[in-house]
Amino acid sequence: MTKSALQIARAAYQPKLPKALLGAVKVKEGEPTQSVADQEAIKQLFPNTYGMPLIQFEEGGVATEFPAINVGVILSGGQAPGGHNVISGLFDGIKKLNKDSKLFGFILGPGGLVDHNYIELTSDIIDEYRNTGGFDIIGSGRTKLEKVEQFEKGLEIIRELGIKALVIIGGDDSNTNACVLAEYYAAKNYGVQVIGCPKTIDGDLKNEMIETSFGFDTACKTYSEVIGNIERDCNSARKYWHFIKLMGRSASHIALECALQTQPNVCIVSEEVEAKDMSLDDVVTYIAQVVADRAAAGNNFGTVLIPEGLIEFIPAMKRLIAELNDFLAHNGEEFNAIERNKQREYIINHLSAENAAIYASLPEGVARQLSLDRDPHGNVQVSLIETEKLLSEMVATKLAAWKKEGKYVGKFAPQHHFFGYEGRCAAPSNFDADYCYSLGYTASVLIANGKTGYMSSVRNTTAPAAEWIAGGVPITMMMNMERRHGEMKPVIQKALVKLDGAPFKKFAANRETWAKETAYVYPGPIQYFGPSEVCDEPTKTLQLEQAK
């Protein structure tokens, strides 16, 4: 394999660990915990893993001889920078416990466990992947572990390989599955521990014990570099409005963090749109007004950041999509039999007045995406909607109307971008390289102490890595009941952007200035070598949340 100069240099980087993990570890147990909501329902579903205490690791433990242990690891869901370092930290941790311990990686996600598709991860393999991006060491997949047959099929290979513990690296859904698996194996007394690790670039897997999910830092820095480049181009040519859609379907953490890093003229935060019950027209009017105000000052250029999931947060759009899903589920055949050029009119005539008006206001292409492109369950595929184009088209229409009324005097030339996959497999920043290694190493210590149903937790992350606090949080503590596919299911509660939180407040206090002025910041590429303030800074979100 040919390696770049950066890969060769990064292979030599030794990630930093919390000092509590460097020697013998002492385990400090906290009070019993309870779930964030729906306590009785969660307790009933997880009798063996509910109410467990918080765990914190401290220095000063007694050196212990540990027997060799075989551990399995799974990468689950979408990629996030730093996954390879979680596996490296886990590998080094179990080898430190006993040099004869073994690590088995299941190929292409949870499906690898069910299909008995695995590889032993030796030091030769691990060393090729230290401090690299991606999940390509074993691949990832989206198979959900939720059926008894899957648990039992997985157990066959677990028994065959002598695996005593399984580490599942994933987001909220994957860690919910890890908890269900931990409960099942505990109830059956199978002697298999299950530990989770918090991964998602979206940043929506966090709480007081999980300060940030891994990959968020690197992804936001990667996107912010490119946004800064676009802003610089924008400020050089002075003739384009750039509409930039960013990953984050369920929450706007990425858009908000990138706004704090780059200071664009506009950033829409989905959670605010929902809280203020804004319509699509309200969002369009807000952007158009910024465009018009800048034009009046002679600036016919700017940048707009848009979270991927915006459409689903606009209450009126949510109602339209729900009615469309319902209507087309019952009248799909009749709809498909109608001539293509009459389908729009057919839908408008069959929707409630409010939804018909919204549907009629949508550009032709988006209306078609809403009514034609549906998933196997018959639902609108919201992620396919090019929200950045939808907004720029509707802004253009509004500006044209204002021009006729003499309210707008500028030129509007939009450019469109979507930054998604570009950020998911970047080489991890120093923060993510350290954080991920610490999460994996912490998982090995949780395993050594016989824990199951826990998520690896590393806190105090705005301090130097030596001062980070390592431990474990019961996954049941983060759960609540939510309606999924028509029935109530236990799931980890998603963390949305808090409108009363420090990161959003900082953004809200500055956005009017950023809208009027060209106050762009150009963060540049991720730095791996150099002064600490350039290389090791955590996200603005973390710094603001912890008042650093």
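## A parallel sheet and the helices on it

Two strands are taken to pair if DSSP finds at least two bridges between them. The structure is a predicted model, and in it strand S8 (residues 241-246) and strand S10 (residues 302-307) pair in the parallel sense over six bridges, with Ile-244 standing opposite Leu-305 in S10. These two strands belong to an open sheet of four strands, arranged in the order S9-S10-S8-S11 with parallel pairing. At its edges are strand S9 (266-267) and strand S11 (414-419), each of which pairs on one side only.

Two helices pack on this sheet. Helix H9 (residues 253-262) touches S8, S9 and S10, and its direction makes about 155 degrees with that of S10. Helix H17 (residues 387-404), for its part, touches S8, S10 and S11, and its direction makes about 160 degrees with that of S11.

## Two helix pairs

Two packed helices are described by the angle between their axes and the distance between the axes. For helix H6 (residues 148-160) and helix H7 (residues 172-187), the axes come within 11 Å and cross at roughly 70 degrees; since angles of 65 to 115 degrees count as roughly perpendicular, H6 and H7 are therefore roughly perpendicular to each other. On the H6 side the contact is made by Val-148, Phe-151, Glu-152, Gly-154, Leu-155 and Ile-158, and on the H7 side by Val-180, Leu-181, Tyr-184 and Tyr-185. By class, the residues of this contact divide into eight nonpolar, one polar and one charged.

The axes of helix H13 (residues 315-337) and helix H16 (residues 364-372) come within 9 Å and cross at roughly 60 degrees, which makes H13 oblique to H16. Here H13 contributes Met-317, Leu-320, Ile-321, Leu-324, Leu-328 and Phe-335, while H16 contributes Leu-370, Ser-371 and Leu-372. The contact of H13 with H16 has eight nonpolar residues, one polar residue and no charged residues.

In soluble globular proteins, nonpolar side chains tend to be buried together. The largest nonpolar core in this model has 106 residues, and those with the most contacts inside it are Ile-87, Val-167, Tyr-185, Tyr-223 and Leu-246. Helix H18 (residues 430-448) supplies the largest share of this core, 10 residues. Apart from it lies another core, of 50 residues, which includes Met-317, Leu-324, Ile-347 and Leu-362.

What does Val-167 touch, not counting residues up to four places away in sequence? Its contacts are Val-71, Gly-72, Val-73, Ile-74, Leu-90, Ile-195, Cys-197, Ala-443 and Ile-447.

## Strand S13 and its partners

Strand S13 is mostly covered, with five of its six residues buried. Strand S12 (residues 454-459) is joined to S13 by six bridges, and the two run antiparallel; in this pairing the bridge partner of Arg-459 is Ile-469 in S13. Strand S2 (residues 53-59) also pairs with S13 in the antiparallel sense, over two bridges, and Gln-56 stands opposite Gly-471 in S13.

Ala-470 lies in strand S13 (residues 469-474), and at 1% relative accessibility Ala-470 counts as buried. Leaving aside its neighbours within four places in sequence, Ala-470 is in contact with Pro-18, Leu-21, Ile-55, Gln-56, Phe-57, Thr-442, Ser-457 and Val-458. The C-alpha atoms of Ala-470 and Glu-120, 350 residues apart along the chain, are separated by 27 Å.

## Two further buried residues

Pro-198 is found in strand S7 (residues 193-198) and is buried, with a relative accessible area of 0%. Not counting residues up to four places away in sequence, Pro-198 touches Gly-170, Asn-175, Leu-205, Ile-210, Ser-213, Phe-214, Tyr-435, Leu-439, Met-455 and Ser-456. Between the C-alpha atoms of Pro-198 and Glu-334, 136 residues apart along the chain, the separation is 46 Å.

How values were computed
Residues are numbered from 1 along each chain as its sequence is written. This is a predicted model: local features need pLDDT of at least 70, side-chain atom pairs count only at pLDDT 80 or more; totals for chains, interfaces and linings use all residues. Side-chain values use heavy atoms; hydrogens and water are left out. Axes are lines fitted to C-alpha atoms, for helices over the stretch in contact, and angles run from 0 to 180 degrees between N-to-C directions. Angles under 35 degrees count as roughly parallel, over 145 as roughly antiparallel, 65 to 115 as roughly perpendicular and the rest as oblique. Contact means heavy atoms within 4.5 Å. Ala, Val, Leu, Ile, Met, Phe, Trp, Tyr, Cys and Pro count as nonpolar, Asp, Glu, Lys and Arg as charged, and the others, Gly among them, as polar. A nonpolar core is a set of buried Ala, Val, Leu, Ile, Met, Phe, Trp, Tyr and Cys residues joined through side-chain atoms within 4.5 Å. Buried means under 20% relative accessible area, exposed over 50%, partly exposed in between (1.4 Å probe, protein chains only).
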